[in-house]
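Trainee: I'm new to this one, and I'd like to take a close look at a single part of it. Could you walk me through it slowly?

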Amino acid sequence: MDVISVIRTKRDGGPLSPEQIDWVIDAYTRGTVADEQMSALAMAILLNGMDRAEIARWTAAMIASGERMDFSSLPRPTADKHSTGGVGDKITLPLAPLVAACGAAVPQLSGRGLGHTGGTLDKLESIPGWRALLSNTEMLDVLRDVGAVICAAGDGLAPADKKLYALRDVTGTVEAIPLIASSIMSKKIAEGTGSLVLDVKAGSGAFMKNTEDAAELARTMVGLGTDHGVRTVALLTDMSTPLGLTAGNALEVRESVEVLAGGGPADVVELTLALAREMLDAAGLPDADPAQALADGSAMDHWRRMISAQGGDPDAALPVAREQHVIPAPASGVLTRLDAYAVGVAAWRLGAGRARKEDAVQAGAGVELHAKPGDEVREGAPLLTLHTDTPEAFDYALTALADAVEVGASHTPAPIVLDRIA
């Protein structure tokens with residue numbers, strides 16, 4: 001087997017054989033295949049695609065490059081959720097303890113933000129004392145005791161994906177749907193969950209800007225989960241407008257706690273409950289009532305226990321940015337557009353996100369929304385509040401938001417859940 005013949009096969013539009021895929025993933029992980037060679041193969045995949053059998057084998061090869069976790073000793077069925085990322089997407093925070101309160105175990109391996117999309121671990125690290133890094137034993141202990149854990153994935157899970165992900169980022173091949181799907185699903189399958197619900201977002205603030213591409217990605221990932229014995233379903237959800245009324249780390253934690261307390265923005269509550277019901281159904285608990293678990297305080301109890309189990313203080317005051325800047329509504333009428341991507345970039349420039357994975361983030365930075373599309377606004381009244389510790393960032397954030405807002409006579413917001421793919 002040699003890498004040039006593998007590259008040529010895909011360059012010329014042919015399918016890669018199982019043996020070619022197994023060999024090239026293993027050789028790349030070990031360093032036998034060079035970055036420039038894998039870059040050429042990734043570009044050939046972007047241009048010529050892969051069929052379902054190829055994607056399934058590629059995913060299996062990446063899983064086989066590392067360890068697989070095993071939660072079979074838990075007394076509860078396991079269910080996990082993955083979001084393709086968006087602006088204000090704090091759903092994991094209330095969702096994991098909520099589903100645990102209803103009887104499932106939620107082993108939620110999460111990541112950090114990059115660019116305009118926020119990261120779950122960055123949000124939770126704004127809670128004093130909370131830690132993202134747990135050993136496999138610690139993770140299992142928290143799952144057994146609380147029923148939910150949110151933590152960083154260890155280096156042992158799908159190391160081939162970690163290496164290939166970094167390469168795709170610098171070679172213009174991030175958009176390849178076979179590589180996106182196999183990247184996400186290799187980690188989720190290696191994680192060992194029994195069922196998986198995917199939140200695949202479409203819109204300006206999402207990775208996939210249109211519903212057709214998002215649906216293709218969702219179908220591909222559902223197929224991969226099914227092929228690997230994981231019960232998988234996807235919800236296609238709207239990301240043209242930020243979720244909730246906040247984008248930023250501590251701001252989103254505060255809003256998540258409001259949801260767990262029985263309040264919070266209607267769109268966050270709606271999506272949290274929709275995903276919870278899918279997770280519980282996939283885990284074999286279709287009669288559990290997540291709305292009741294929010295109302296009776298049991299979801300909040302699981303949140304507090306989960307945060308405490310990872311060293312956090314659920315009663316501690318959350319960080320607040322030192323500086324604020326209010327953006328007024330430009331006219332009176334109905335807010336017809338508030339662009340998710342622009343809000344995400346503004347939050348990033350204020351310090352809530354990072355341009356490189358090694359950058360630090362500000363816990364209190366972000367954007368607070370005082371209205372959503374469909375709401376009436378009054379000229380001059382507060383529309384957005386920007387939060388940061390570095391006031392020199394305000395001008396950069398304002399530039400990002402220059403064309404983000406439109407006010408008109410009427411507006412009917414898009415539904416949050418656009419489709420279900422199983």
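Which element gives the largest share of the lining of the second largest pocket?

Mentor: Strand 8 does, with three residues. Before we go on, a word on what you're looking at: this is a predicted model, where local features need pLDDT of at least 70, side-chain atom pairs count only at pLDDT 80 or more, and totals for chains, interfaces and linings use all residues. Residues are numbered from 1 along each chain as its sequence is written, and side-chain values use heavy atoms, with hydrogens and water left out.

Now the pocket itself. Rolling a probe the size of a water molecule over the atoms shows where empty space is left. Here a pocket is an open set of points on a 1 Å grid over the protein atoms alone, where a 1.4 Å probe fits, with protein on both sides within 12 Å along at least five of seven lines; lining residues have an atom within 4 Å of a point. The second largest pocket has a volume of about 340 Å³, a volume being the space filled by probe spheres set on the points, which are joined across faces, edges and corners. Its lining has 18 residues, and the closest to the pocket's centre are Asp238, Thr241, Lys372, Pro413 and Ala414.

What sort of residues are they? The lining divides into eight nonpolar, four polar and six charged. Nonpolar covers Ala, Val, Leu, Ile, Met, Phe, Trp, Tyr, Cys and Pro, charged covers Asp, Glu, Lys and Arg, and the others, Gly among them, are polar.

Back to strand 8, which spans 333–338 and, like helix 12 (266–282), supplies at least two residues of that lining. Both are DSSP runs numbered from the N terminus: helices are H or I with at least four residues, strands are E with at least two. Strand 8 also has partners, and two strands pair if DSSP finds at least two bridges between them. With strand 10 (residues 376–377), strand 8 pairs in the antiparallel sense over two bridges, and Val334 stands opposite Glu376 there. With strand 12 (residues 405–408), the pairing is again antiparallel, over four bridges, and Leu335 stands opposite Val407.
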